[in-house]
Amino acid sequence: MATPREIPWAELRAGARAASARSYAPYSGVRVGACALTEDGRVVTGSNVENASYGLTLCAECSLVSDLARTGGGRLVAVSVVAGDGGPLAPCGRCRQLLYEHGGRDLLVDQGEAGAPRALAALLPDAFGPEDVADRASR
């Protein structure tokens with residue numbers, strides 16, 4: 001597992017900013033981009049895609065996980081999420097759960113240049129994950 005110092009945070013932030021410029025946000029005007037590093041060294045990105053039926057809007061993290069699957073899957077080790085102005089954004093609750101599925105409790109979440117990255121476990125304590133499904137499935 002990569003340590004916070006081994007993560008190319010500047011590259012991830014730049015990738016997230018570039019992805020935010022490609023978002024589709026005609027309703028809120030809030031452009032969001034996400035960029036992550038996988039355990040095999042690939043970089044995946046995503047941007048938010050709004051919908052007139054607001055509940056169908058996809059967050060940037062959803063798009064990022066789709067890019068992860070599209071490019072071969074694997075595990076996420078670090079993620080940066082930013083608004084169109086380049087400032088960091090914390091993933092929403094739904095996206096924290098989605099990131100947990102593909103990165104686990106040790107996934108490092110960027111807090112911007114002013115803050116140290118935080119493990120996803122700190123943002124989503126007592127998360128429900130794939131192992132819980134297997135443990136709780138009716139037999």
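**Reading the sheet and its helices**

Modeller: In this predicted model, five strands make up an open sheet of mixed pairing, in the order β2-β1-β3-β4-β5. The edge positions belong to β2 (43-47) and β5 (118-119), each of which has a single partner strand, so one side of each is left without a neighbour in the sheet.

Biologist: In what sense do β4 and β5 pair, and over how many bridges?

Modeller: Strands of a sheet pair through backbone hydrogen bonds, either parallel or antiparallel. Strand β4 (residues 108-109) pairs with β5 in the antiparallel sense, over two bridges. Val109 has Arg118 of β5 as its bridge partner. Helix α1 (residues 9-21) packs on the sheet and touches β1 (32-38), β2, β3 (76-83) and β4, its direction making about 140° with that of β1.

Biologist: How many bridges join β1 to β2, and how many residues lie between them in the hairpin?

Modeller: β1 and β2 run antiparallel and are joined by five bridges. Ala34 stands opposite Gly46 in β2. The hairpin that β1 and β2 form has four residues between the strands, and Gly41 in the turn has a positive phi of about 95°.

Biologist: Let us turn to the helices. At what angle do α2 and α3 pack, and how far apart are their axes?

Modeller: Helix α2 (residues 60-70) packs against helix α3 (residues 93-103) at an angle of about 20°, and their axes are 9 Å apart. Since angles under 35 degrees count as roughly parallel, α2 and α3 are therefore roughly parallel to each other. The crossing in which α2 passes α3 is left-handed.

Biologist: Which residues make this contact?

Modeller: From α2 come Glu61, Cys62, Leu64, Val65 and Leu68, and from α3 come Arg94, Cys95, Leu98, Leu99 and His102. By class, the contact of α2 with α3 comprises seven nonpolar, one polar and two charged residues.

Biologist: Finally, how many aromatic pairs are there, and which residues form an edge-to-face pair?

Modeller: The count comes to one aromatic pair. Tyr27 and Tyr54 form an edge-to-face pair, at 6.0 Å centre to centre and with 65° between the planes. Tyr27 lies in the loop between α1 and β1, and Tyr54 in the loop between β2 and α2, so the pair ties together parts that are 27 residues apart in sequence.

How values were computed. Residues numbered from 1 in each chain as written. Predicted model: local features only at pLDDT ≥ 70, side-chain atom pairs only at ≥ 80, totals over all residues. Heavy atoms only, no water. Axes fitted to C-alpha atoms, helices over the stretch in contact; angles between N-to-C directions. Parallel < 35°, antiparallel > 145°, perpendicular 65-115°, else oblique. Left-handed = near helix turned anticlockwise from the far one by under 90°. Contact = heavy atoms within 4.5 Å. Nonpolar A, V, L, I, M, F, W, Y, C, P; charged D, E, K, R; others polar. Pairing = 2+ DSSP bridges. Phe/Tyr/Trp six-rings, centres within 6.5 Å; stacked < 30°, edge-to-face > 60°.
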